[in-house]
Amino acid sequence: MSTIYDRGAPGRKAVALPSLSTSEEELLSRIPAPLRRRAPLRLPEVSQPELVRHYTELSRMNYGVDTGFYPLGSCTMKYNPKLHEDLARLPGFTGLHPLLPPEECQGALAVLWELGELLKGITGMPGVTLQPAAGAHGELTGMLLLKRWLEDRGEAGRTKILLPDSAHGTNPASAAMVGFSVVSLPSDRRGMVDLGALKRALGPDVAGIMLTVPNTLGIFEEDILEITDLVHGAGGLCYFDGANLNAYLGRARPGDMGADIFHINLHKTFSTPHGGGGPGAGPVTVSETLLPYLPVPGIVRRGDRFDLDWDRPKTIGRVHPYHGNFLVSVRALAYILLLGDEGMRAVSAGAVLAANYLKALLQDVYRLPYDRLVKHEFVLTGAGLGEGIRTFDIAKRLMDYGFHPPTIYFPLIVPEALMIEPTETEPKEVLDAFAEALRAIAREARENPGLLKEAPHGTPVRRLDEARAVREPKLRIRFEEKP
Amino acid sequence: MNPYLPHTPDDVRAMLAKIGASSVEDLFSDIPPAVRARHRPLGLPARDELAVGRYLADLARRSTGQELIPFLGGGLYDHYIPPVVGHILSRSEFFTAYTPYQAELSQGTLTWMFEYQTMICELTGMEVANASMYDGATALAEAVLMAARATGEKIVLVPRSLPPPVREVLATYAWGAGLALHEVPYGPDGRLSLGTIPEGACALVVPQPNAFGILEDLSGLKERLGKAFLVAYANPIVLAVVEPPGALGADVVVGEGQVLGNPLSFGGPLLGFFATRTEHLRRMPGRVSGETRDAEGKVGYVMTFQTREQHIRREAATSNICTNSALCALAATVYLAALGPGGLRRVALLAYERAHALAERIARIPGYALAFPGPFFHEFAVRCPDPAGAVARLRRAGIAVLPPEFLHPLGVRDAFLVAVTEKRTEEELDRFVSALEGR
């Protein structure tokens, strides 16, 4: 694998820039000597064609939703509409500075206000902030809101957050960042929150609960109303992780289930591209209880004008320096406007249909530890497939069949987990082919396990040694080692 | 059927038959009936692509700010973005992928991350960098949390001259984590005026340059801090010609990477960069790409040191960050590779040259003066009797500067900020000066 530093030659450049009026030496000499750069600055020196070829070559060693099926559980890798890419690149959106006065930014504020209103309606909750830049950032915002609410009520002694053992790792990490301690709640045999354990855990030291609905097994918490009633009755609040909103979009609202805080991953449910790991966006909607604590500035409509609202004396403050990932909001707004109510119902219908169909195609070959109706995803185990075969091997072998593997080894409560989320945008033929590949791999595991242990075979690189990367850390180019 | 949904009625029937369900609605029977009964639709009809396109294009036109000549800064700057950056970013193999959990299918992402980490280390003078944070402000907040974990102390020394939006985000995170912010004043020259270091300090934050555009001198600061971290909040374009904080003892260098090939975008998405010393690697938040070999000995890249991260370590993780700003980091990588060391130096010096040319001309106008005598880079505060009036005159000439209120939290009420990049032409500088002169 070569890097951009392996290309080019001293003096090459890929951009024609304006000239200086004064010489470089003269300008540099005007910067006070102790402040002037002495350290070397080793950046690539390449011509434009070399630059383009290098990154085109890298792109060909990547796999995206546009390349093929990407059933990464809990990540909702649905198709990203092209119209939205064009709209997010309109100069009136990309060229706008966020510190201009509101009267100069009416179009951008209109986008944010309208998206906020729609998200309030979709979640059935009366307050919103679009500042969080990702799901985990939304979680952090939610935990800060909870902390502020407790302080405001003189209940700072409530320091425990209850968390089902199936929770995503960001949940406990977000709670810990604001000083809460985490109490793990066991799942029962149905794969749902154990109500008895919940009742035992509740008490005067509990700040709230963080739930993922449906949970990471893809199972809807059928006792959701009892759970939120119990937590509220004990003086706590209910945080819902909205990573799995695609499962019930347009059919049910977290506000109707007792949620006080809900974060939405616009890059999951609302189809904005994942960018190779971001940027996403994690807007948060809240119940009446938490309205006074929302971040500033809020975005409000006064008549036909949009404005910033700084008048929130109890606010947690800012969680983002401006208004969150605005261009992601533009794409999400376009998606909701195009779909409308019926389109959103069709999204959850397609996602749940695809997940249950794929589950039905696979459960005779791969063990399904929690065999129930699922929502948008389901979890199989790779255990028991063959001597010494691990889920890791199955995932690597799937690449040889042209598929991106599912999420693996999560949730933690299923050993050797394979967490599969097909989304609504895959045709039945693709689901059939994927199931056929997984069935073929199960046969190979018995008949020719070496094929799995040595997979992948057809990728740009073969199986990579992750242990070596830690044992001999090399996290940047070391120029002194160059020949 | 919407254009992103492929299931025909025949498909649906066949799929339901395999599942053993009689209708799609049956698949939602596990949602409590009381919850389903409370659901209310938005009353939102579906629209066609043309209508959605027209609607958003109209909103895009409606912000008058986009038509103004921007002399705007305050932390985000209007630099030239070579078209090659956008073209590479629009390769959908990059932007429709997710976090490179499966390395063998993600060598493109993991390779550019490795390149990016190298470039950020070079710019900042540091040893290791992560693969991005959301933005400069949250990167700074995470740097301060890391300093608190490393030192076990809870006081953060924060200069008054930090850009207010960045400071406000830091304050929110610090409150959440139980840290206390102590303000460090600036002197008459606009630069940091550091008194005695209090007991219990975990970090000193130093902006480079600060919110007035003035360059700080970091030399000797680390020696005064002892075990407390020196955390620099730096503009990476300025670092092309200014000594990197890493060469002056900084423990962490963070900053806003928007200036590296990313548009202003009404403030998001942005790019937080984060670099530190190898000794702090295991405390660092965020994703890291590392070099390794494949089964045949070929060089390749993987996400590494994942035991720091939330999906392994849960509540004991170094941060909750998961999704970051990868595509903006790719833009920065391509931008830096396109410019090279000479091009980046040229961009920095063009901004420096034009900013100083404009500042000199403004200072010659009666009633106008630079607010601070300290050395500035490409942004400066102009002192005048009526800043609001001056900003309004500029606006009438089609020029945008930040509202003077931006400086109020910094204790400055008689000035406004001006930022200049390589994009501002001689003619635009003339227009700026004429507007203030009242001609």
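Because it is a prediction, local features need pLDDT of at least 70 and side-chain atom pairs count only at pLDDT 80 or more, while totals for chains, interfaces and linings use all residues. Residues are numbered from 1 along each chain as its sequence is written, and chains are lettered from A and ligands numbered from 1 in the order in which they are written.

Two residues are in contact if their C-beta atoms, placed from the backbone, lie within 7 Å. Among contacts in chain B between residues at least 6 apart in sequence, 73% join residues at least 24 apart.

Next comes the meeting of the two chains. Here 161 residues of chain B are in contact with 171 residues of chain A. On the chain B side, helix α11 (residues 326-363) of chain B brings the largest share, 20 residues. Sorted by class, that side of chain B has 89 nonpolar, 43 polar and 29 charged residues (Ala, Val, Leu, Ile, Met, Phe, Trp, Tyr, Cys and Pro count as nonpolar, Asp, Glu, Lys and Arg as charged, and the others, Gly among them, as polar).

Chain A is split by its domain assignment into domain 1 (4-58), domain 2 (83-338) and domain 3 (345-468), with bounds from an automatic or database assignment. Taken over C-alpha atoms, the centres of domain 2 and domain 3 of chain A are separated by 30 Å. Between these two, 18 residues of domain 2 of chain A are in contact with 16 residues of domain 3 of chain A.

Finally, there is a helix pair in chain A. The axes (lines fitted to C-alpha atoms over the stretch in contact, with angles from 0 to 180 degrees between N-to-C directions) of helix α6 (residues 135-152) of chain A and helix α7 (residues 170-177) of chain A come within 9 Å and cross at roughly 40°. The contact residues include Leu140(A) and Met143(A) of α6(A) and Ala175(A) and Met177(A) of α7(A). By class, the contact of α6(A) with α7(A) involves five nonpolar, four polar and one charged residue.

Technical notes. Helix = DSSP H or I, 4+ residues; strand = E, 2+ residues; numbered from the N terminus.
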